[in-house]
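Have a look at it first.

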Amino acid sequence: MGGKRKSQTTSPRTIQRVEVDFSAPHSSFVPKKLPAAYSFSQLSLFERCPRKYWIEYVAKIKTLQTRPLILGSAIHHGVEDGLKHLIAAQPTEVDTKKWIESADTQSPPGDCVKDYQKGLQSFSEWLPTLWEDRASEPEIATEWSFGLNRQWHSVGWTGDRLHKPPGIMLRGSIDLMAIHHFEAFAYVWDLKTGRNPYEVFPSPGIPHRQLAVYAWALFCFHPHLDTVATSFFNLMVNGEPEEGAIFDLERAMEYGRNWVEKLVRDIESRDPTKIDEWEPAENRYCGYCSFKEGCPIGKKIQRKKFVPKRWNRKDQAITDEAVKATLERLNDDMVDD
Ligand code: SF4
């Protein structure tokens, strides 16, 4: 058994200090196999820290539901619902106001509601701009799920985690896109809900890999396209999308396809049953890592008492509850094993 058990009566703060020894050789966390399919977020995590990737996607220990994750998921849910409604009808200012008013403000936890509504508001104000483009009758889709096999052919992924099509290698879901088939042109937007904006070009001249992967996926599905314009919509920061990155097929292959293939090769060259082959790599998210107590790098950061500046007491309360729930589940799993 690889983990120390917690007492049944400990408080959330005490529970937060429970250690799980992921390096124990005969731990119940020893995984059986690599994931059947990869996504952008999986690959990006592997690139940042192979150890955390192993814990989450090979050993399948769930990460904690922190405030940004809860808020992001609530806003995506609200935007998706609203967008489906608006695509089915002609959008007007009145429609978008009704949508905001009727949005389920109970979905996010109490102190997230304001941020949630702010995200919906900025999106709804921009949305009619997209609709005006319907003069050229683009195909508009939201939460468009795609699945591609190793030959980069479609395998019909619908987003249902329980029913992965055979042969699927890369899966993903595009928040919003508009394809102008006759002009051989498409727009892709990824909605972001953090307070720190995502940059379309994190390094000079190098587009964000997520946008490149999505552009590549669109070229695979629609070979008649000449150009795919991509962008982030930082809902909490700006009232409209960022200036975008433009891809032709060659550029999407260079920054999207090649990146995916390189990381998949690296992952599949490692033994999933040997944690030592998945090294921890310090990165700017270590302070937020749910597993830092079981990681040599994370433990050092823990001692510095890293606390994200923007978190207030309420945020901490949410996080403590999430910590408690997750560790209880984790310990239940250990008992089951
Ligand atoms: S604390 Fe940092 S180095 Fe350690 S597993 Fe987490 S992300 Fe990786």
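Two residues are in contact here if their C-beta atoms, placed from the backbone, lie within 7 Å. Keep in mind that this is a predicted model.

## Where H7 meets H8

With that in mind, which residues of H7 meet H8? On the H7 side they are Arg209, Ala212, Val213, Ala215, Trp216 and Phe219. Their partners in H8 are Leu249, Ala252, Met253, Tyr255, Gly256, Arg257, Trp259 and Val260. Sorted by class, the residues of this contact come out as eleven nonpolar, one polar and two charged.

Now for the geometry. Helix H7 covers residues 209-221 and helix H8 covers residues 249-268. Their axes come within 8 Å and cross at roughly 115°. Angles from 65 to 115 degrees count as roughly perpendicular, so that is the label for H7 and H8. As for handedness, the crossing of H7 and H8 is left-handed.

## H2 and its two partners

Helix H2 (residues 40-48) packs with H3 at an angle of about 140°, and the axes of the two are 5 Å apart. H2 and H3 are therefore oblique to each other. From H2, the contact takes Gln42, Leu45 and Phe46, while H3 brings Pro50, Lys52, Tyr53, Glu56 and Tyr57. That gives five nonpolar residues, one polar and two charged in the contact of H2 with H3.

H2 packs with H8 too, at an angle of about 65° and with the axes 10 Å apart. The crossing of H2 and H8 is left-handed. Here Leu43, Phe46 and Glu47 of H2 meet Val260, Leu263 and Ile267 of H8. This contact has five nonpolar residues, no polar ones and one charged.

## Around the ligand

How many residues surround the ligand? There are 15, and the closest are Cys49, Cys286, Cys289, Cys295 and Gly298. By class, this shell holds nine nonpolar, two polar and four charged residues. Helix H3 (50-58) and helix H9 (296-303) each supply at least two residues of the shell.

So why does the ligand lie between two domains? It does because domain 2 (31-61 + 137-279) and domain 3 (280-337) both give residues to the shell around the ligand.

Methods
Residues are numbered from 1 along each chain as its sequence is written. This is a predicted model: local features need pLDDT of at least 70, side-chain atom pairs count only at pLDDT 80 or more; totals for chains, interfaces and linings use all residues. A residue is near a molecule or strand if its C-beta atom, placed from the backbone, lies within 6 Å of it. Helices (H or I, at least four residues) and strands (E, at least two) are DSSP runs, numbered from the N terminus. Ala, Val, Leu, Ile, Met, Phe, Trp, Tyr, Cys and Pro count as nonpolar, Asp, Glu, Lys and Arg as charged, and the others, Gly among them, as polar. Domain bounds come from an automatic or database domain assignment. Axes are lines fitted to C-alpha atoms, for helices over the stretch in contact, and angles run from 0 to 180 degrees between N-to-C directions. Angles under 35 degrees count as roughly parallel, over 145 as roughly antiparallel, 65 to 115 as roughly perpendicular and the rest as oblique. A crossing is left-handed if the near helix is turned anticlockwise from the far one by less than a right angle, and right-handed if clockwise.
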